[in-house]
Amino acid sequence: MEKTKVAIIGLGTVGSGVARLLLDFGDRTGRHAGRVLWLEKAVVRDLSKPRDCDLPKGVLTEELDDVIDDHEIEVVAQLIGGLEPARSIMLRLLESGKDVVTANKALLAEHGPEIFDRARELGRSVAFEASVAGGIPIIANIGQCLSANQIESLHGILNGTSNFILSKMHEEGSAYQEVVAEAQRLGYAEADPAMDVDGTDAAQKLAILAHLAFGARVHWDEIPRSGIDTLDIADVRYAQEMGYKIKLLAVAQLVDDGLELHVSPTLVRNGRPLAEVGGPYNAIRVVGDAVGELMFYGPGAGQMPTASAVVADIIDTAVGRTKITFSTLELWSNQSARVNPAEYANARGRFYIRVNVEDHPGVLSQITSALGGEQISISSVLQHETETGEDVVPLVIMTHETTEGAAEKACQQINALDCVRGEAVRLWVRD
Ligand code: NAP
Ligand code: HSE
């Protein structure tokens with residue numbers, strides 16, 4: 001059987017899983033690739049650090065040059081996180097004639113144009129299935145299987161760590177800070193977990209999907225986003241009481257003035273498929289004009305699900321399939337954008353607004369007139385009687401459909417009222 005020599009750079013959570021699949025299941029991967037996938041080298045920073053896999057003697061090295069200078073190594077899984085040295089290593093690998101597989105969405109969302117242009121100039125390929133939604137094959141589905149469609153919308157739970165934390169908040173009433181460490185220990189979180197909980201990771205994945213599905217050329221940092229790091233357990237309880245779960249939802253949908261894009265904690269009505277996605281799982285609802293509505297669901301983070309996507313890319317690259325799709329997709333090429341981001345203020349939807357107010361006569365009418373002034377109609381109001389006779393009470397309002405801009409303006413007016421303590425919390429609602 002023919003042999004394709006493979007290397008791994010970075011033997012952390014994902015890298016160790018990839019090594020295990022290549023070493024422990026070589027018969028299976030070899031059968032699917034029609035050749036032996038031979039793990040020649042694994043590059044680490046510290047040889048003495050314990051690893052989550054057993055490597056044959058001579059595979060582990062601290063020298064990147066052991067890979068760069070070995071012209072028999074054809075495919076490299078680049079599995080270190082962050083921007084540098086990941087970017088420089090990526091470029092060196094391509095320049096030394098390797099095809100590269102990566103799970104690093106931060107790198108692609110930030111330096112995609114440079115990396116993909118360089119790969120094209122050099123006649124090399126970059127595969128990145130694992131960069132979005134872990135084990136779910138969403139890149140292949142959007143890039144290839146749905147190519148007869150105009151994608152109309154994507155609604156996704158794209159960050160496993162946030163979803164894991166939100167599930168614990170809903171199920172156990174835990175505060176978010178208590179659960180972050182557990183997500184890290186289980187290998188779901190980024191090296192800097194702030195990126196998971198502040199919406200950055202989901203925005204980076206959404207930028208990649210928007211590029212692939214809609215031809216949008218949007219930098220992830222231009223995507224309006226908020227995370228779950230400021231979410232109060234009280235909002236989780238109110239959402240539950242009204243029949244919703246809070247999910248960190250990434251949205252890309254075609255609207256009249258372009259592509260609506262945002263990442264926001266959203267109340268999703270119980271019973272909707274996205275509301276029932278628990279733990280570190282991800283899900284993406286895709287609507288295409290020919291196929292209709294599709295749901296993709298699966299583990300969005302973690303060692304073996306992510307390694308599953310990386311090894312599938314290694315197989316595709318070794319077989320030569322990646323090269324064909326890579327050149328046809330023209331990813332991050334200097335072609336002009338097919339669609340531009342729409343004005344966020346025009347995005348339409350319902351909103352949940354919680355505001356702490358003084359429990360005095362006339363307060364409710366001040367709040368409702370701020371909403372009415374922006375033509376926002378109220379769908380329901382919730383205020384519980386206090387048993388302790390407190391002077392400040394939470395008031396929860398669900399609106400009918402309006403625009404993001406109108407809801408933002410109304411909340412600014414509400415925040416300026418003397419009867420209001422602190423700032424209004426505003427979340428999207430999806431029925
Ligand atoms: P990780 O556990 O922190 O592993 C990263 C590894 O890279 C570490 O072992 C680190 O070495 C190594 N490394 C860093 N700089 C290096 C260098 N200059 N040379 C050699 N090795 C170097 O991270 P991970 O969870 O495996 O994630 C890797 C990538 O996959 C990230 O881009 C992440 O966003 C992405 N991803 C992760 C998941 C997931 O569920 N974990 C899912 C999808 C995508 P040390 O061991 O010495 O620190
Ligand atoms: N930290 C990421 C998450 C890993 O929690 O979704 C998968 O990209």
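Predicted model: local features only at pLDDT ≥ 70, side-chain atom pairs only at ≥ 80, totals over all residues.

Let me start with ligand 2. Its shell has 13 residues, and the closest are Lys 105, Gly 160, Thr 161, Tyr 188 and Asp 196. By type, that shell is made up of four nonpolar, four polar and five charged residues. At least two of the shell residues come from helix 7, and at least two from helix 10.

From Gly 160, a backbone N or O atom sits 2.7 Å from an oxygen atom of the ligand. With Thr 161 the side chain is involved: one of its N or O atoms is 2.6 Å from an oxygen atom of ligand 2. Lys 205 also uses its side chain, where an N or O atom is 2.8 Å from a ligand oxygen. On its own, ligand 2 has 260 Å² of accessible area, and the protein covers 93% of it.

Is Ser 162 buried or exposed? Ser 162 counts as buried because its relative accessibility is 0%, and the cut-off for buried is under 20%. Apart from neighbours within four places in sequence, Ser 162 contacts Asp 196, Val 197, Ile 228 and Leu 248.

Once residues up to four places away in sequence are set aside, Lys 168 touches Gly 173, Ser 174, Val 179 and Glu 182.

Next, ligand 1. Here 23 residues form the surroundings, and the closest are Val 14, Arg 45, Lys 49, Glu 190 and Gly 302. The shell splits into ten nonpolar, eight polar and five charged residues.

Which backbone atoms make polar contacts with ligand 1? Gly 302 has a polar backbone atom 2.7 Å from an oxygen atom of the ligand. For Val 14, a backbone N or O atom is 2.8 Å from a ligand oxygen. For Gly 12, the distance between a polar backbone atom and an oxygen atom of ligand 1 is 3.2 Å. Taken alone, ligand 1 exposes 890 Å², of which the protein buries 84%.

In soluble globular proteins, nonpolar side chains tend to be buried together. The largest nonpolar core here has 87 residues, and the members touching the most others are Ile 9, Phe 116, Ile 138, Leu 154 and Leu 267. Helix 10, residues 200–214, gives this core its largest share, ten residues. There is also a second, separate core of 29 residues, with Leu 11, Leu 22, Ala 33 and Ala 77 among them.

Back to Phe 116 for a moment. Leaving out residues up to four places away in sequence, Phe 116 touches Leu 108, Val 126, Phe 128, Phe 326, Leu 331 and Trp 332.

Ile 8 is in strand 1, residues 3–9. With a relative accessibility of 0%, Ile 8 is buried.

Last, backbone geometry. Most residues other than glycine have a negative phi, and most peptide bonds are trans. Where are the exceptions I want to show? The bond from Glu 84 to Pro 85 is cis, with omega near 5°, and Pro 85 is in the loop between strand 4 and helix 4.

Ala 133 is not a glycine, yet its phi is positive, about 65°. Ala 133 is in the loop between strand 6 and helix 6, and at 0% relative accessibility it is buried. Gln 375 also has a positive phi, about 60°, and its place is the loop between helix 14 and strand 13. Gln 375 is exposed, with a relative accessible area of 68%.

That is what I have for today.

Definitions and conventions
Residues numbered from 1 in each chain as written. Chains lettered and ligands numbered in written order. Heavy atoms only, no water. Contact = heavy atoms within 4.5 Å. Core = buried A, V, L, I, M, F, W, Y, C linked by side-chain atoms within 4.5 Å. Buried < 20%, exposed > 50% of the residue type's maximum accessible area, 1.4 Å probe, protein only. Helix = DSSP H or I, 4+ residues; strand = E, 2+ residues; numbered from the N terminus. Near = heavy atom within 4 Å. Polar contact = N/O pair within 3.5 Å; in protein donor to acceptor, adjacent residues only side chain to side chain. Areas by Shrake-Rupley, 256 points an atom, 1.4 Å probe, with all protein chains shown as cover. Nonpolar A, V, L, I, M, F, W, Y, C, P; charged D, E, K, R; others polar.
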